[in-house]
Amino acid sequence: MGGKSARMGKDKSQLHYWHEPQWKHVSELLVPFCEEVYLSCREGQVLPPTANRPAIIDTRAGMGPMGGILSAFGQHPDSAWLVVACDLPFLTREILELLVRSRKPDMLATAFVLRSSGLPEPVCTIYEPAAYSLLLGEVNKGNLSPQRVLSAMRLTRIELEDETLLQNINNLEEYAAALAKIKKLLK
């Protein structure tokens with residue numbers, strides 16, 4: 001939830017899709033799959049008073065998702081990280097179950113591959129501890145794209161039938177469309 005939400009114009013982690021802030025919705029989805037759920041935050045970001053989760057402050061500002069991933073590894077380098085962005089309103093428990101069930105710890109990561117592009121989705125991925133040094137090496141070469149790094153990694157690839165389930169919502173038009181879709185789903 002540490003992004004600046006510049007295209008949205010307001011904090012994407014605070015948006016309500018399912019009757020609660022999205023950061024809370026996503027963190028609750030993760031509870032059954034993780035020993036501990038952390039909130040990734042940028043320096044100076046104020047957590048909501050109801051955030052009863054530990055925060056990992058981004059020690060690599062300006063790197064986007066890669067900075068958050070590396071900051072998490074920096075605190076717990078021997079842990080695998082199930083990384084999920086806060087702007088995935090259609091993410092479900094079933095999607096996370098599929099990701100966790102498909103995990104092979106001897107690979108560097110487990111990721112969904114988008115059929116439309118053939119590229120892995122880096123913000124709904126399990127990164128294994130062995131991926132940390134590779135990610136650091138790529139950042140040192142100037143590669144800040146976790147998607148590009150994942151594309152070159154030895155990873156477990158999962159094809160998702162409906163890739164709209166991992167749709168990122170980045171602006172007010174997409175937010176309005178997502179709310180309309182959710183309203184139809186709830187009928």
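Just after helix α4, Gly142 takes a positive phi of about 95°. Helices (H or I, at least four residues) and strands (E, at least two) are DSSP runs, numbered from the N terminus. What you're looking at is a predicted model, where local features need pLDDT of at least 70, side-chain atom pairs count only at pLDDT 80 or more, and totals for chains, interfaces and linings use all residues. Residues are numbered from 1 along each chain as its sequence is written, and side-chain values use heavy atoms, with hydrogens and water left out.

**Helix α4**
- Which residues of α4 are buried? They are Ala131, Tyr132, Leu135 and Val139, where buried means under 20% relative accessible area, exposed over 50%, and partly exposed in between (1.4 Å probe, protein chains only).
- These four cover an arc of only 100° around the axis, so they sit on the same side of α4; the arc is that of the directions from the helix axis to the C-beta atoms.
- Here's the handy rule: an α-helix has 3.6 residues a turn, so residues three or four places apart point the same way.
- The buried residues of α4 pack against α2, β5 (120-127) and α5, with contact meaning heavy atoms within 4.5 Å.

**Helix α2**
- α2 is mostly covered, with 8 of its 11 residues buried.
- Those buried residues include Met66, Ile69, Leu70 and Phe73.
- They pack against β1 (39-41), β2 (55-57), β3, β5, α4 and α5.

**The nonpolar cores**
- A nonpolar core is a set of buried Ala, Val, Leu, Ile, Met, Phe, Trp, Tyr and Cys residues joined through side-chain atoms within 4.5 Å.
- The largest one has 21 residues, and Phe73, Tyr127, Leu135, Leu150 and Met153 touch the most other members.
- Two or more residues each come from α2 (65-75), β3 (81-84), β4 (109-113), α4 (131-140) and α5 (146-152).
- The largest share of this core, 5 residues, is from α2.
- Apart from it lies another core, of 19 residues, among them Leu29, Val37, Ile95 and Cys124.
- In soluble globular proteins, nonpolar side chains tend to be buried together.

**The sheet**
- In what order do the 4 strands of the open sheet run? They go β3-β5-β4-β6, and the pairing is mixed; two strands pair if DSSP finds at least two bridges between them.
- β3 and β6 (155-159) are at the edges with a single partner strand each, so one side of each has no neighbour in the sheet.
- β3 and β5 pair in the antiparallel sense over 4 bridges, and Trp81 stands opposite Tyr127 in β5.
- Trp81 and Val83 point one way from β3, Leu82 and Val84 point the other way, and all are buried.
- β4 and β5 also pair in the antiparallel sense over 4 bridges, with Val113 opposite Pro120 in β5.

**Cysteines**
- How many disulfides are there? The count comes to 0, taking a disulfide as a pair of cysteine sulfur atoms within 2.5 Å.
- For Cys86, the nearest cysteine sulfur is that of Cys41, 9.9 Å away; Cys86 is buried, with a relative accessible area of 13%.
- The sulfur of Cys124 is 11 Å from the closest cysteine sulfur, in Cys34, and that is too far for a bond.
- Cys124 is buried as well, with a relative accessible area of 0%.
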